[in-house]
Amino acid sequence: MVRIFLVFGMILWTVPCIAQSLKVYFLNVGEGESTYIETPSGQTMLIDAGNIMTGNSVVQFFRKQNISALQALVITHPHYDHMSGVFQLLSAISPQYRYDNGQLLQEADQDIYRWYREFYRKDNYEILRKGVSLDWNPVKIEILSPGELTGDWNRDSLVMLLRYGEIQFLFMADATTQTETQILQQFPNLRADVVKVGHHGDQDASSPAFVKALHPRYAVISTNSANIRGYPSPQIVKRWTDAGASVLTTFNDGTILMESDGHSINLRAAPFSQF
């Protein structure tokens, strides 16, 4: 049985130790985003669920990996390409806890948001905010943003920092340069070995100051080929490359698996076909 405790803004979990390393899968969900995390102590988390058409590819990933349980499902913000895959996902697997940023949806006059509220925000549902930590010893996941909602759905995206030993993963969702500036002001010593690049590599994210400050080894961009909005921007890809990062994209590289022992990161062949 998994137990959860909330102590001074920190969520503490206890689970049996069953895994040997940290595994982070950046799933190829076409136009959208989804990331699966498995910790060395056996906890599992899915960050976002792809779009309403590609959510089934997340279900197929779980089936191929024989994953039948999920401790946490996190929806970073309610844009279609991040949240609408939950309708297929939750028909196949029941997460123990559901999280999102609490974005107000009543003003969004579309049925899908009503369905999301009714279908997702129930049972063991909680809102995440800056300062909350998921303590999954030996992994810790800290929420860096938002502190409060601004009404800009991209800017309000949940930004999450995963620490395991000497290794850090930063998941930017669709956070923009405004969010990046705020994060650097509040966390001036922030660094990351792996960055899930903000807003699919669009020019409204990945500011020069932010990229320079992080100086990661890997920058991962999740999007489809021939994206209708032009993601990723060639200038943004070059910016990360010039900073010394190896840029990986789900439309070129398929599902990307990174495995870590807390000291190093290894790219592994992901047992999941391209979308």
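Reader: Is Tyr113 buried or exposed?

Author: A residue is called buried under 20% relative accessible area, exposed over 50% and partly exposed in between, with a 1.4 Å probe and protein chains only. In this predicted model, Tyr113 is buried, at 5%. Local features here need pLDDT of at least 70, side-chain atom pairs count only at pLDDT 80 or more, and totals for chains, interfaces and linings use all residues. Residues are numbered from 1 along each chain as its sequence is written, and side-chain values use heavy atoms, with hydrogens and water left out.

Reader: How many aromatic pairs are there?

Author: Rings of Phe, Tyr and Trp (its six-membered ring) pair if their centres lie within 6.5 Å; planes under 30 degrees apart are stacked, over 60 edge-to-face and the rest tilted. The count here is 12. Tyr36 and Phe61 make an edge-to-face pair, with 5.6 Å between centres and 65° between planes.

Reader: Which parts does the pair of Tyr36 and Phe61 tie together?

Author: Helices (H or I, at least four residues) and strands (E, at least two) are DSSP runs numbered from the N terminus. Tyr36 belongs to strand 4 (residues 35-38) and Phe61 to helix 1 (residues 55-64), so their pair joins parts 25 residues apart in sequence. Tyr36 is buried at 1%, and Phe61 is buried at 0%.

Reader: What kind of pair do Tyr80 and Tyr113 form?

Author: Their pair is stacked, 5.8 Å centre to centre with 20° between the planes. Tyr80 lies in helix 2 (residues 80-83) and Tyr113 in helix 4 (residues 111-120), so parts 33 residues apart in sequence are tied together. Tyr80 is partly exposed, at 37%.

Reader: Which residues do ring pairs link into a cluster?

Author: The cluster links Tyr25, Tyr36, Phe61 and Phe62.
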